[in-house]
Amino acid sequence: MSESVADHLLNRLAGEWGVRRIYGYPGDGINGIIGAFGRLEDRIHFVQVRHEEMAAFMACAHAKFTGEVGVCLATSGPGAIHLLNGLYDAKLDHQPVLAIVGQQARLGLGGSYQQEVDLTTLFKDVAHEYVQMATEPGQMRHLIDRAMRIALSERTVTCLIVPNDMQMEDAVPVPPHKHGTVHSGPGYSRPQVTPTDDQLIRAAGVLNRGERVAMLVGAGALQASEEVIEVADKLGAGVAKALLGKAVVPDHLMFVTGAIGLLGTRPSWDLMQECDTLLMVGSGFPYSEFLPEEGAAAGVQIDLDARMLGIRYPMEVNLVGDSALTLRALLPLLERKEDRAWREKIEAGVDDWWKIVERRALEPADPINPQLVFHELSKRLPDRAIITSDSGSAANWYARDVRLRGGMMATLSGTLATMGAGVPYAIAAKFAHPDRPVFALVGDGAMQMNGLAELITVAKYRDRWPDQRLIVLVLNNRDLNQVTWEQRAMSGDPKFVQSQELPDVPYARWAELIGLNGIRTDDPAQVGACWEEALAADRPTVFEVVCDPEVPPLPPHITLEEARAFASAVAHGDPGRRRMIAQSIRQKLPEILPGR
Ligand SMILES: Cc1ncc(C[n+]2csc(CCOP(=O)(O)OP(=O)(O)O)c2C)c(N)n1
Ligand SMILES: [Mg+2]
C-alpha cells in the first residue's frame, strides 16, 4: 500500500522530528490520521485522553518536562475547540506545542457543512506564529517542518489543519521540482544567544555598584541553576523565585527567599522592598507591586525574548540572552561583595520564615490544616520527584510549604493560571519520565472540573509506568477556596455560598472504583502515615484530605485595603466569619509572636 498523507505526517513527525507520543481524541475529522497510527504504532504512540483540553495540557506539560515539542491531536469542530484552553496555557507559558486538527472535506468547505468551523480564524490568536490549513498533499512536508521549527524557535503554539479527505490521499513526500513549490528540510538547533561585551560590562557595572542586590528568577532560568547560585554568591544577593521558577534553585539554600507575589513569602517581600539593585533572570512575573518601587533600585534584566524585557520594571540594562550563558559571561566581570551584612540579613529572615511556615502548618484546624499536608509531603519527597500544582489554594501551599531539592522538577499553569492543569500535567510527566515519582496537588473544584475524569487515563495507562508512584492529592474543602478568599480580601464581599460551595464527592472511593488506590483522611495525626502509605502503594493513589476552608492563604504583606476588605466581608455576614477570624489570628500569630 502506498503512503497516505496521514502516514507521511506521522512518519515525518516520528522519523525526522523525533516525536514519540501524541496526545489526542478521535473523530471523523481525523479518521485518516488515526488509521495511520494503526500502521505506525511502534514508531509513534497515540495517548487517548478524556477531553481534548487535557490533550493540550499534556502536550504543554510534555514540553515543560522535556524541552521537546508537545503534540496534540483533535478532530474538526468541537474537538478543535476543546483544545483551546490548554493551547493558551502553552502559549502564555512560552512552551513549544503543535496542535494538529482535522477539518471537513475540501469539497464541502464554505458550505455551512456539519462541524465546519473556520479553524484558521479560530486558531489565529493562540497559534498566531503559524497556523495553516493543508489543501494539497504536496504541502504537507513543509507544513510539518515549519510548524515544528517555529514552535521550537519561537517557543510557542503552532497549528496544522488537515481536511479529512486529504488525509487518505496518496502522499506527495517530495513536491515536483517546478515553479511555485516549496522544498523544506527538518531540524532545529538552538542558537547560543549572549549579549554583546559592552552590554555585559554595563550590566556588571550596575551590579557591582549595588550594595543590596536582589535576584528574581523564573522559568527562563531553569537551566541556569549553577550560574544563579554562583552569581548570587558573588553578589551577596538573595534569590526570590517566580512560581514557574520554583525549581531553579533548591530551597535549603538560606539565601533563597522562595516564592514572590500574593502566594509568596515574607523574606521575598522584604528582599524587594529593601534592595538597591534588582537582577531579574528569565521571568515575566507580572505583579509589579511586589517588585521595588520605581526608582528605588537599579535594574538589570536577562531574557531570551526581547519582548519580555523592560516591561515589569524600568531596567538600566536589558540583556537579550540565554540565562545560563549570560550569567556565565557576567561572572568574571562581577566583583565579590566583601561586606556580607545584606546577605546575612536575608539569611536570618529566611531562617525565621521557615520557622513561621512550620508553625503555621502545625496550627490546628477543622479538621485538617491544608498546610500540614504540604509540610508532611515536603519532608517525604523522594529524590527526582516531579510535582504539579493546580490553580487554587493548593498553589499557595505548593509555593510556600514545599521545599524542593536539586534534581526535582515542578510546574503549574503559571501565566494563564487555569484550573484543571494539575492532573493532566502529572500524567504527561509520567509518560515523559515513567521511572520518576510524580505528585499532583489539586483542589476539589479542579477534580470535579476535569481531574476525576482524567484519572481514567491514569488507570488505563498505568501498566506502562515502571514506577507506580503517581499520587494525586485532593484538598477536599468543599469550596472554591482561593476565589472565596479573593472575594473576602479584595472585594470585601462575604463568601457567596451559591457560587463558592462545592458538593462533597468521594474522591478516594472513586479512585478505588476505577482500580486505583484511594486514601482518605480527616485526622491530622494520620497525614504523615497516609503519605507513607501512598508512597508504598503498588498503584497510583488518590489521597483525599478533608481540609478546613477557613485557613487563610495570607499574602506576605497585608495592605490597608486588604484589611478593610476583610473587615467588610465579616461585617456583611460572611457565613464562615467566626472560624475565619479565629484562623486568621492563628495564622498571623506565628509571625507576630515568633517565640510562641
Ligand atoms: C478554568 C478556570 N476557571 C476559574 C478560575 C478561577 N479560579 C481560580 S482558583 C479557583 C478555585 C479553585 O477551587 P478548588 O479547585 O476547589 O481549589 P481550592 O482553592 O478550593 O483549594 C477558581 C474558581 C480559573 N483560574 N480557571
Ligand atoms: Mg476547593
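What percentage of the 596 residues in the chain do buried residues make up? In this predicted model, the buried share is 58%. The secondary structure comprises 22 helices and 18 strands. The radius of gyration is 25 Å, close to the 25 Å given by the globule rule for 596 residues, so the chain is as compact as a globular protein of that length. Along the principal axes, the C-alpha atoms fill a box of roughly 80 × 65 × 45 Å. Of the contacts between residues at least 6 apart in sequence, 75% join residues at least 24 apart.

The surface and the charges may be described next. The accessible surface of the chain is about 23,100 Å², and carbon and sulfur atoms account for 52% of that area. There are 59 positive and 76 negative side chains, with the centres of the two sets lying 2 Å apart.

The structure holds 11 aromatic pairs. In one of them, the ring centres of phenylalanine 285 and tyrosine 287 are 5.9 Å apart and the planes stand at 70 degrees; because planes over 60 degrees apart count as edge-to-face, this pair belongs to that class. Phenylalanine 285 has 7% relative accessibility and therefore counts as buried, whereas tyrosine 287, with a relative accessible area of 38%, is partly exposed. Phenylalanine 431 and tryptophan 465 also form an edge-to-face pair, at 5.4 Å from centre to centre and with 85 degrees between the planes. This pair links distant parts of the chain, 34 residues apart: phenylalanine 431 belongs to helix 15 (residues 422-432), while tryptophan 465 lies in the loop between helix 16 (444-461) and strand 16 (470-476). Both phenylalanine 431 and tryptophan 465 are buried.

Glycine 102 is located in strand 4 (residues 97-103), and its relative accessible area is 0%, so it is buried. Beyond its neighbours within four places in sequence, glycine 102 is in contact with Gly29, Ile30, Ala74, Thr75, Ser76, Leu119, Ile161, Val162 and Gln167. By contrast, 25 Å separates the C-alpha atom of glycine 102 from that of lysine 64, which is 38 residues away along the chain. Arginine 12, in helix 1 (residues 5-15), has a relative accessible area of 9% and is therefore buried, the limit being under 20%. Leaving out residues up to four places away in sequence, arginine 12 touches Trp17, Arg141, Ile144, Asp145, Ser184, Gly185 and Pro186.

Which backbone features occur in the loops? The peptide bond from aspartate 366 to proline 367 is cis, with omega near -10 degrees, and proline 367 is placed in the loop between helix 12 (341-362) and helix 13 (370-380). Serine 112 has a positive phi of about 45 degrees although it is not a glycine. This serine lies in the loop between strand 4 and helix 5 (119-122), and its relative accessibility of 73% makes serine 112 exposed. Arginine 384, likewise not a glycine, has a positive phi of about 60 degrees. The loop between helix 13 and strand 13 (386-389) holds arginine 384, which is partly exposed at a relative accessible area of 39%.

Technical notes:
Residues are numbered from 1 along each chain as its sequence is written. Chains are lettered from A and ligands numbered from 1 in the order in which they are written. Side-chain values use heavy atoms; hydrogens and water are left out. Helices (H or I, at least four residues) and strands (E, at least two) are DSSP runs, numbered from the N terminus. The radius of gyration is taken over C-alpha atoms; the globule rule is 2.2 Å times the number of residues to the power 0.38. Buried means under 20% relative accessible area, exposed over 50%, partly exposed in between (1.4 Å probe, protein chains only). Contact means heavy atoms within 4.5 Å. Accessible areas come from the Shrake-Rupley method with a 1.4 Å probe; for residues, only the protein chains shown count as cover. Lys and Arg count as positive and Asp and Glu as negative; His and the chain ends are not counted. The place of a charge is taken as NZ of Lys, CZ of Arg, CG of Asp or CD of Glu. Rings of Phe, Tyr and Trp (its six-membered ring) pair if their centres lie within 6.5 Å; planes under 30 degrees apart count as stacked, over 60 as edge-to-face and the rest as tilted.
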